[in-house]
Amino acid sequence: MSVSGVGRRILVVEDEPVINQAVTDRLRGSGYEVVQAWDGPGAVEQFAETEPDLVLLDVMLPGFDGHEVCRRIQAGRPVPVLMLTARDDEADILVGLGVGADDYLTKPFRMRELVARVAALLRRVDRAAELAVRSPTELGDLRVDAAARRAWVADTEVHLTPTEFDLLLCLAASPGVVLTRENLYAEVWGWPGASGTRTVDSHVKALRAKIGADRVRTVHGVGYALEPGSSGSSGSSGSSGSSGSAT
């Protein structure tokens, strides 16, 4: 995708008029087409009518909140979602990731970073097409099909959000190799040089709950590695033990 954003439409959902307009103006200045919504029902309606390429979504909204908006729009046509939240609470962030959000920014945020995050998420969409030629990867009883964007554990399909799948795909490309948080953030989110963020940790925690905690090894202070021979049970029941921590 071009840096200018030409040809890309973004839906900005924010109930504070000043913030909504400031974000809209900045994105339009970067070449994006922008549509606006100020509440939950309006966001869902605008999404259906305008078919945006990405959604900037505030968590606290009138009508129903951003989590419900995300749940509804992702049930139809999956789209990158960047959540805007006033809280940096891990539980709150995990709720957003669980309903299909790809990344989050904590208020107050810098407009420059927001535009960079938007560009990075859209680059991920473009890269997804390049993965269609890859053959499925099999690691023990874990199977990852990049072309179909599907994953299975012991013949049972695991339903992953777009970001969870991209994270798994990145780890599966180098089984047993420890990837730093910075590496993962650059490869999965397209945001090189990032540091001090819990986005990676939160997504790893969510991924472990679905494929089995012992499949992703933590190297404390460094990063994570996908265990090539692991066949641990999937689900949150496997999250006990030292590998269950995503920090």
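The model is predicted: local features need pLDDT of at least 70, side-chain atom pairs count only at pLDDT 80 or more, and totals for chains, interfaces and linings use all residues. Residues are numbered from 1 along each chain as its sequence is written, and side-chain values use heavy atoms, with hydrogens and water left out.

**Helix pair**

- The axes of α7 (residues 181-188) and α8 (residues 199-211) come within 9 Å and cross at roughly 85 degrees; helices are DSSP runs (H or I, at least four residues) numbered from the N terminus.
- Axes are lines fitted to C-alpha atoms over the stretch in contact, with angles from 0 to 180 degrees between N-to-C directions.
- The two helices, α7 and α8, are therefore roughly perpendicular to each other (65 to 115 degrees).
- Arg181, Leu184 and Tyr185 of α7 make the contact with Thr199, Val200 and Asp201 of α8 (heavy atoms within 4.5 Å).

**Asp201**

- Asp201 lies in helix α8 and is buried, with a relative accessible area of 9% (buried: under 20%, 1.4 Å probe, protein chains only).
- The side chains of Asp201 and Arg181 are joined by a polar contact of 2.7 Å (a pair of N or O atoms within 3.5 Å, one able to donate a hydrogen and the other to accept it).

**His203**

- His203 is also found in helix α8 and is buried, at a relative accessible area of 0%.
- The His203 side chain reaches the backbone oxygen of Thr199 at 3.0 Å.
- Beyond neighbours within four places in sequence, His203 contacts Leu97, Ala101, Asp102, Thr163, Glu164, Leu167 and Trp189.

How values were computed. Parallel < 35°, antiparallel > 145°, perpendicular 65-115°, else oblique. Buried < 20%, exposed > 50% of the residue type's maximum accessible area, 1.4 Å probe, protein only.
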